[in-house]
Structure formats: structure tokens, C-alpha cells
2 protein chains.
Amino acid sequence: MNEVLQILKKNSLSVTEGRKKILELFIASEGALAHADIEKQTSNNFDRVTVYRTLQTFVEKGIIHQIPTTDNSVLYALCRHNCEQGHHHDNHVHFICSNCDKTICLDDVTVPQVKLPEGFTPLQSAMVVTGICLDCA
Amino acid sequence: MNEVLQILKKNSLSVTEGRKKILELFIASEGALAHADIEKQTSNNFDRVTVYRTLQTFVEKGIIHQIPTTDNSVLYALCRHNCEQGHHHDNHVHFICSNCDKTICLDDVTVPQVKLPEGFTPLQSAMVVTGICLDCA
DNA sequence: CTATTTTTGCAATACTGTTGCAAGTATTTG
DNA sequence: CAAATACTTGCAACAGTATTGCAAAAATAG
């Protein structure tokens, strides 16, 4: 409960109902959340615009990070390993369960380096693995 | 030119203007294409719906594959290494240039295997690397 | 060339995301 | 603690993106 306040303060964000609620959702949820999930789970207590802006703010502050998908949706997840200043978000692997459709951050699995062809300079890498998760096994 | 017909026949698809044109676009383009690119480059000769349906059909047949991104757009690219039946699409690395914004399939760079925590079974892996490409170096 | 199957385009609809601005809420400071 | 300031929210309007049903048109099979 206090965790939420700490995070907001630490990032010099005003403490508002919306931000508290949305942060709590992320903390409570195991996996990643899409914008639509959040709207549903807050029972439309907040304006769509507010949710968009809150997510954007959280991404900028490095509180959450975005996960790439192939289905035209963007997923968001908490940065657990207290990443600083919005850097280093993408160095863990994301797992999407094809059974329960949950997206899980494998915080302990780092994205391996790959050898790129001559002339390509890597800056950031993202990796998404699809398969069957722990709960569905 | 004939390549296009071959591909369509091989997948038992009717040969139509739209499909031919869109396939030609993919063959001509080095990188990946978004739905919007295709609409622009066909000068709106085809209905938006037709483009959507064509892309969907091509994905189902395994002619093209989707590339995950974090900005709510889906990119499509040709499967070069004649993947069969829609399998094995995601085993090469995709590169997005942060300078020119092109997305390039690195067909020769395969996605490395990662060790997942106990209980997770991988089926498919996708990897996207962001950085500076050959042309922008 | 005709019959059948497949694909297209239109219309309607729904979802997703963004911006400006006024009103409201949170924080700062004296 | 109250007033001043700064920040956040909600509304309205808008733009872009994606989906579905159905009738017309085109492609393929016989």
C-alpha cells in the first residue's frame, strides 16, 4: 500500500486517485496489462484519456515498460528490478502463454547478445518467447 | 514477375490484381511494410478492407510474417527462406533502425535459445534489435 | 461458356489514440 | 493553514485503425 506512495514520490509525481489505482493494479497483477485491461479493471472510474496519459507518464519515468506484440496491442508491465531513469527496460525476456494469453516478465532471463552483420550497430534488444507457462503446464 | 504467380499458385490462392500488386511491393521492398505503407504505395487502388484481408491471408499461408513492435503498429515482411505452412517464421532477428526507421529482416541471424525458468515450455521466439543500420552508419 | 467458388468494395460500426482547453485537485510557500 | 501556483483531470472533438455482413464482381473449374 505504501509502496505505491513511495514510487510516486520517488518520481516526483503528484499523488492522485488515478495513479494510485493504476499502480496498484500493476502491483497486483502477475503479468502485463494492456490499456483495455486497465479500463475494464477500474470499472471506468477514470477517463480513457487519463489512463493513456498515466501510462505514458509511467513509461517516461521508467515505472513501467512496454512489451512488443504482433497483434496491434501494446502491453505494459512493472519494472521490478528498479530500473533507473527509463533505461535498461528491455533486457529481460517476455513470455506470452498461448494457452492463457498472459504475458509474463522473466526478470531473471536476460536477452542474449547476437552477432549482427557488418555495419549494424545495436542499441537495444527485445525478445518475446511464446509457449506454455508455469500455470498452464 | 513470374515469381508472384508461382507463390500465389503454390498456396492455392486466386490470382487477383490486388494480391499481385501487394506481393510485388513486398518483393521490391528491402524492409518490412506496415499496412499504411501498402495503402500509400498502391495509391489507394484497393479498398482498405481488401488490403487488410490480403495481409491476413498471406500471414495464414505463411507468405509473409508479422514483426512485433512497441508502437502499436504491426509490420509485415516476406518469408524469404521459403518457410512452409506458416511455421518457423520467427526464427530470424529483426532490426529496426532508429535513424531511418526501416525494419530489416536479418535472415541470416537466428534467434538464440534462452534458458527459461522451470515449467515454461517455449514454442516460438522473436527478437527485435534496435540500432543503426548499414545505410545510416 | 456456364456454373460454382472466391474475392472485392461499400456501408456501417467499433475500437484505439491524440489534442486543446476549462475546471478541478494537489503541492508549495509564506 | 490559507492563498498562490503548479499539475492533473475530464470533456469534446477529432483522426486513425480494424472488423463484419452483404451484394456485386471477378476468378477458377468443369
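Which element supplies the largest share of the surface near DNA strand D?

**Entry 1: conventions.** I worked on a predicted model, in which local features need pLDDT of at least 70, side-chain atom pairs count only at pLDDT 80 or more, and totals for chains, interfaces and linings use all residues. Residues are numbered from 1 along each chain as its sequence is written, chains are lettered from A and ligands numbered from 1 in the order in which they are written, and side-chain values use heavy atoms, without hydrogens and water.

**Entry 2: surface near DNA strand D.** I found the largest share, four residues, in α4(B); helices are DSSP runs of H or I with at least four residues, and strands are E runs of at least two, numbered from the N terminus. I noted that α4 (48-61) of chain A and α4 (48-61) of chain B each supply at least two residues.

**Entry 3: contacts with DNA strand D.** I looked up polar contacts, pairs of N or O atoms within 3.5 Å. A polar side-chain atom of B:Arg48 lies 3.1 Å from a base nitrogen, and one of B:Tyr52 lies 2.9 Å from a phosphate oxygen. A backbone N or O atom of A:Asp47 lies 3.3 Å from a phosphate oxygen.

Conventions: Polar contact = N/O pair within 3.5 Å; in protein donor to acceptor, adjacent residues only side chain to side chain.
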